[in-house]
Amino acid sequence: MSYTLKLYAFEDASPAQLQAAEQRFRQALEASLGDASLVAPVYAAYRRMVAIYGEAPAQDVLSPEQLEVFSQWQAAESAALTAALGPHRYMGDAQFEISA
């Protein structure tokens, strides 16, 4: 399953810098999840859980399988943002959009 990725940076980044950041984001995300084909379904499952349980659900409300997917996505997203924007960035610096 393929996906599209769009990174929105609030800093003054050139198109080439933004494209390079998107590539680093994509590579780190895929490496963290294990394969490009897992990005869209894992992200969709994560978004469903967030819609139901919120951004920081209590661990006891998620099944072990849900907790695994939730944790995997958060770790992959963190790794991807760090790869794309560096380790000293703030959460408000950029946003991303993933669609299947």
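Leaving aside neighbours within four places in sequence, Tyr-43 is in contact (heavy atoms within 4.5 Å) with Trp-73, Phe-96 and Ile-98. The model behind this picture is predicted: local features need pLDDT of at least 70 and side-chain atom pairs count only at pLDDT 80 or more, while totals for chains, interfaces and linings use all residues. Residues are numbered from 1 along each chain as its sequence is written, and side-chain values use heavy atoms, with hydrogens and water left out.

Tyr-43 sits in helix α2 and is buried, at a relative accessible area of 16%; buried stands for under 20%, exposed for over 50%, and partly exposed for the range in between (1.4 Å probe, protein chains only). Helices (H or I, at least four residues) and strands (E, at least two) are DSSP runs, numbered from the N terminus. Between Tyr-43 and Ala-100 there are 57 residues in sequence, yet 9.8 Å in space, C-alpha to C-alpha. One of the partners of Tyr-43, Trp-73, also touches Leu-29, Leu-33, Val-39, Val-42, Tyr-46, Phe-96 and Ile-98, again without residues up to four places away in sequence.

In soluble globular proteins, nonpolar side chains tend to be buried together.

Helix α2 (residues 39-53) also holds Tyr-53, which is partly exposed, with a relative accessible area of 32%. Together with Ile-52 and Val-61, Tyr-53 forms a nonpolar patch on the surface, with about 270 Å² of accessible area in total. Patches consist of residues with over 30% relative accessible area and no salt bridge, like charges being joined within 9 Å and nonpolar side chains (Val, Leu, Ile, Met, Phe, Trp, Tyr) within 5 Å; a salt bridge is a side-chain nitrogen of Lys or Arg within 4 Å of a carboxyl oxygen of Asp or Glu.

On the scale of the whole protein, the order along the sequence is β-α-α-α-β. The radius of gyration is 14 Å, close to the 13 Å of the globule rule for 100 residues, so the protein is as compact as a globular protein of that length. Buried residues make up 32% of the 100 residues.

Note on methods: Accessible areas come from the Shrake-Rupley method with a 1.4 Å probe; for residues, only the protein chains shown count as cover. The radius of gyration is taken over C-alpha atoms; the globule rule is 2.2 Å times the number of residues to the power 0.38.
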